[in-house]
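Please look over the structure below before reading on. The paragraphs that follow lead through it part by part.

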Amino acid sequence: MNETALTVRQTARPHGLAIAEHFAFVESPLPAPAAGSALVENLYWSVDPYHREMMDDVPGGFALDAPLEGRTLGRVTASRTPDLTEGDIVFHRQGWRTHAVVAPEVVRKLPLFEKVPLTAYLSVLGGTGLTAYVGLTRIARLQEGEDLFVSAAAGGVGTATGRFARLLGAGRLVGSTGSAAKSAHLTGVVGYDAAFDYHDGPAAELLGKAAPDGVDVFVDNVGGEQLAAAVGALREFGRIVRVGTIGQYNTPHAPAPRFDYADIVEKSLRMEGFLVSNYRDLQEELYAFAVPHLQSGRLVPDETVVDGFEHIVDAFLGMLRGENTGKIIVRDRTQIAA
Ligand SMILES: NC(=O)c1ccc[n+]([C@@H]2O[C@H](COP(=O)([O-])OP(=O)(O)OC[C@H]3O[C@@H](n4cnc5c(N)ncnc54)[C@H](OP(=O)(O)O)[C@@H]3O)[C@@H](O)[C@H]2O)c1
């Protein structure tokens, strides 16, 4: 085990694009657990679009020069609480650092289902999968045979949405993403019926070609022009599931999308946003739904794994630029052959 710990801090606020110079790696002696806590060596880290929102000077945002936080999986290496045992694999939120001292009430011991890789607890079984599951089952209230359009479809939430929608009996699946290679992944691997690169023209035209008969549900990870296009393409009683607005995280003052508000009335559309943090009680339901499919091979997690904690900032910035396919996860080098 390392004798020192590394922690990532944000050192400056971005104006527009976030860059590596907004972060610093800080080395410190290995923390020691106080009575009632345990030391965890982190093994897998999630980097997420919401981190970019929290880098701005917003309520609840990251404090400068303080350790960052994020979803992570680790192994207990020393314990001074009867509730955690050396060797336990746990989920907690003190990510962006190699080691964390945790109290038992802020960690969740992983159930470690057979034939399920650890990374899945950050992808399809983690917050990413839960977001997709809530979006489809609680917000869209997806019915069998219904057709979907998903933006940022090749990312973590987008691939989980496509795969879950298939398993839930969806009809035609259309996805948008940022490259031809990612479009090919959507149709060739994930199970989308059609996909387009949103750089290739006006979103309304591209969506019109990919979904000429319209869609029932739009799962929106992006906002902007694609949201406006989807309002036009939705059928009567269509639902817009507002998951995220990644199209404007690096350009917070981008103009709001323009669409025909009359469509909302005339087609009886419903637009609803949500935060997955308000649906934690569905975690067991997600396991019950997804784990048998993972074990049977019907559900395969889409993941981009970046090796080495020292690359966590690059992984985060690369994800914002669209370099990931599926959920992006940073892996400690000890786990490469694990
Ligand atoms: N509501 C919630 O509780 C909740 C929870 C989790 C995530 N989210 C949201 O869900 C969305 C997806 O999150 P994720 O974790 O799954 O990330 P992700 O989709 O795996 O990664 C982000 C992707 O966004 C795309 N992107 C970046 N800039 C873009 C732009 N200007 N226009 C269009 N696409 C752009 C990139 O793919 P391309 O190559 O396709 O451009 C990139 O790969 C985000 O908006 C996030 O904030 C919400």
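Leaving aside its neighbours within four places in sequence, with which residues is L227 in contact? The residues are D220 and P257, where two residues are in contact if their C-beta atoms, placed from the backbone, lie within 7 Å. L227 lies in helix 6, residues 224-233, and helices (H or I, at least four residues) and strands (E, at least two) are DSSP runs numbered from the N terminus. L227 counts as buried because it has 20 or more C-beta neighbours within 10 Å, namely 21; a residue with 12 or fewer is exposed, one in between is partly exposed, and the C-beta atoms are placed from the backbone. The C-alpha atoms of L227 and R258 are 8.9 Å apart in space, although the two residues are 31 apart in sequence.

The model is predicted, so that local features need pLDDT of at least 70 and side-chain atom pairs count only at pLDDT 80 or more, while totals for chains, interfaces and linings use all residues. Residues are numbered from 1 along each chain as its sequence is written.

The protein chain is divided into domain 1 (4-123 + 301-335) and domain 2 (127-277), with bounds that come from an automatic or database domain assignment. The C-alpha centres of domain 1 and domain 2 lie 29 Å apart. The contact between them takes 17 residues from domain 1 and 17 residues from domain 2. On the side of domain 1 that touches domain 2, helix 1 and strand 15 are the elements that give two or more residues, and helix 1 gives the most, with three residues. The residues of that side divide into five nonpolar, six polar and six charged, where Ala, Val, Leu, Ile, Met, Phe, Trp, Tyr, Cys and Pro count as nonpolar, Asp, Glu, Lys and Arg as charged, and the others, Gly among them, as polar.

Because domain 1 and domain 2 both give residues to the shell around the ligand, it lies between them. The shell holds 32 residues, of which the closest are G155, G156, G178, G244 and G322; a residue is near a molecule if its C-beta atom, placed from the backbone, lies within 6 Å of it. Helix 1 (49-54), helix 2 (127-139), helix 3 (156-167), helix 9 (312-320) and strand 15 (327-331) each supply at least two residues of this shell. By class, the shell has 14 nonpolar, 15 polar and three charged residues.

Helix 2, one of the elements that supply the shell, is mostly covered, since eleven of its 13 residues are buried. Among the buried residues are G127, L130, Y133, L136 and I139. The buried residues of helix 2 pack against helix 3, strand 11 (215-220), strand 12 (234-242), strand 13 (270-273), helix 8 and strand 15. Helix 2 is followed by R141, whose phi is positive, near 50°.

Helix 8, in turn, packs against helix 2 through its buried residues, which are L286, A290 and L294. Helix 8 (residues 283-296) has 14 residues and reaches 20 Å from its first C-alpha to its last, close to the 20 Å expected at 1.5 Å a residue, the expected span being 1.5 Å times one less than the number of residues. A kink of about 30° lies at A290, shortly before the proline P292; the bend at a residue is the angle between axes fitted to the seven residues ending there and the seven starting there. L294 counts as buried because it has 20 C-beta neighbours inside 10 Å. Leaving aside its neighbours within four places in sequence, L294 is in contact with V116, A120 and L299, and its C-alpha atom is separated by 9.7 Å from that of E114, 180 residues apart along the chain. Just after helix 8, G297 takes a positive phi of about 90°.

Backbone angles give a last topic. Most residues other than glycine have a negative phi. In D65, however, phi is near 60°, a positive value in a residue other than glycine; D65 is found in the loop between helix 1 and strand 4 (72-79) and counts as exposed, with 11 C-beta neighbours inside 10 Å. K115 likewise is not a glycine and has a positive phi of about 65°. The place of K115 is in the loop between strand 7 (108-109) and helix 2, and K115 counts as exposed because it has 10 C-beta neighbours inside 10 Å.
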